[in-house]
Amino acid sequence: MLKPFAVEVFEDERPLLYLPASFSKGPLPGIITLGTRKVEAECRTHPNGRNVIGISSSLSDGLHLPRGVGSLHLHQVEEELYLGALIGIFTSGFTQFKMNPVGERSRMFQRLLAVQGTLGVIPFVFGEQDIHWEDGLIHGLFHFGDQWERHFIPFPTVIYDRLPNRRSEKKRSILSLKERLQGEYGIPWYNPGFFNKLDLFERLAGDEEAAIFLPETHQFQSISDLERMLATYRHVYVKPANGSLGNGIHKITYDRGKDGYYCRFKDGDQKVRLLRFKSLESLVQSVLKGRKFDTFIIQQGIDLIEDDHRPLDFRVHTNKDEEGRWHVSAIAAKVAGSGSVTTHAKAGGEVKVLSELFSEDDRHVMEARLKEAAILLSHSIEANMEGYVGEIGFDLGADESGKIWMFEANSKPGRSIFTHPSLKAEDILTRKLALSFGVFLTRKTIEELVP
């Protein structure tokens, strides 16, 4: 774990940096680097023997270091000293409101930036409109104390992708921007892109260790596909291949006794509906009218364990740390609302911790199974997907025999489970690890630059 040091800016017209007394990495550096900005400076060990970083006002201004930064970690390679990891958090959906500059997601970003002090990194939020290409600067959004502030900052060492939806990530201007920052400036971009459900399942199916956790999943091409899977399983789910938050999911069941097909789903008013049809053709024509079959997947239904007759699944977060190792950072159960197709909170779902559902011995067993599955699947996804993957939110289920199943994996997991009062520590841990992976990529990038 890299040690962060407190930062103090002192008035001096010379570019001068005092190194903490405990920081000894060989010869004193002569170049100070923040993101893509490099400044020649004189470095000395702190004259008072203090274990803090002293930065002259001249050097601070030359680096465009915001005065609100309270701590940094240091990384020295030969005669160059790198300050922290400058992490640009890229998103869209900005507003003109000072209190909520990123709309309803402002609070989420505020909490993410709040872990800066314990990590010694400099995170900031920015969008495509904030880049000043000609100056090599970004008009970044910071949160210091209790307020949002804008500061010009050099291009970052790494970029953490927090685009809110697939529509924004497919914009031509954003694709061009991403290509330029990665290509021209060599800036790593982590957690790029939302996973496509079908593509992800097809890739993982080729990994024998990962495949055992996958329910049968296919692209919806014809009604005969649906008929075949209903004949094999008690029920199936029809899901949008690029859906999120449980929207557009239909649970379809065939009742042999009544020779009828049942479809449970949320309508446009977010009300749960249950409809009966005499044939699959009439069901599909009614509930999927006007939609292309191949934009959906068909997935094997699983008889999940229940809490008070309500099925439940599990949200498991995994993150990579500053050493590039996977960790399970949070586990919570999501209990379905009455009659709901999914366990999402917006559909009446309820978040519970494992201790509320299982005895101590059973909890340990379930926790171990979920962790083992999540870590194995994280490694498999990392190996089979392009780009740097630093965090994943899994929707896992357990059937009545205790077998673990993976229903979905999200590259930009939601944070609704952290409303549970017992998950405050996990909330902080996941935020820290989301930025810690930026530290890992920063060090990796720096080391690759050294001849």
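**Figure 1. The residues lining the largest cavity divide into 4 nonpolar, 1 polar and 4 charged.** Here Ala, Val, Leu, Ile, Met, Phe, Trp, Tyr, Cys and Pro count as nonpolar, Asp, Glu, Lys and Arg as charged, and the others, Gly among them, as polar. The model is predicted: local features need pLDDT of at least 70 and side-chain atom pairs count only at pLDDT 80 or more, whereas totals for chains, interfaces and linings use all residues. Residues are numbered from 1 along each chain as its sequence is written, and side-chain values use heavy atoms, without hydrogens and water. The lining consists of Met108, Leu112, Tyr160, Arg162, Glu391, Arg415, Thr430, Arg431 and Ala434. Two or more of these residues come from each of helix 2 (106–113) and helix 11 (424–449), and helix 11 gives the most, with 3 residues. Helices are DSSP runs (H or I, at least four residues) numbered from the N terminus.

**Figure 2. The structure holds 5 cavities of 30 Å³ or more.** The largest cavity contains about 70 Å³ of space. A cavity is a set of points, on a 1 Å grid over the protein atoms alone, where a 1.4 Å probe fits but cannot get out; lining residues have an atom within 4 Å of a point. Points are joined across faces, edges and corners, and a volume is the space filled by probe spheres set on them.

**Figure 3. Helix 6 (residues 197–204) packs against helix 10 (residues 360–384) at an angle of about 100°, with the axes 10 Å apart.** Axes are lines fitted to C-alpha atoms over the stretch in contact, and angles run from 0 to 180 degrees between N-to-C directions. The two helices, helix 6 and helix 10, are therefore roughly perpendicular to each other (65 to 115 degrees). Leu200, Arg203 and Leu204 of helix 6 meet Leu377, Ser380, Ile381 and Asn384 of helix 10, contact meaning heavy atoms within 4.5 Å.

**Figure 4. Helix 8 (residues 223–232) and helix 9 (residues 280–287) cross at roughly 120°, their axes coming within 10 Å.** Helix 8 and helix 9 are therefore oblique to each other. Ile223, Leu226, Glu227 and Leu230 of helix 8 make the contact with Leu280, Glu281 and Val284 of helix 9.

Definitions and conventions
Parallel < 35°, antiparallel > 145°, perpendicular 65-115°, else oblique. 1 Å grid on protein atoms, 1.4 Å probe; cavity = no way out; pocket = protein on both sides within 12 Å on 5 of 7 lines; lining within 4 Å.
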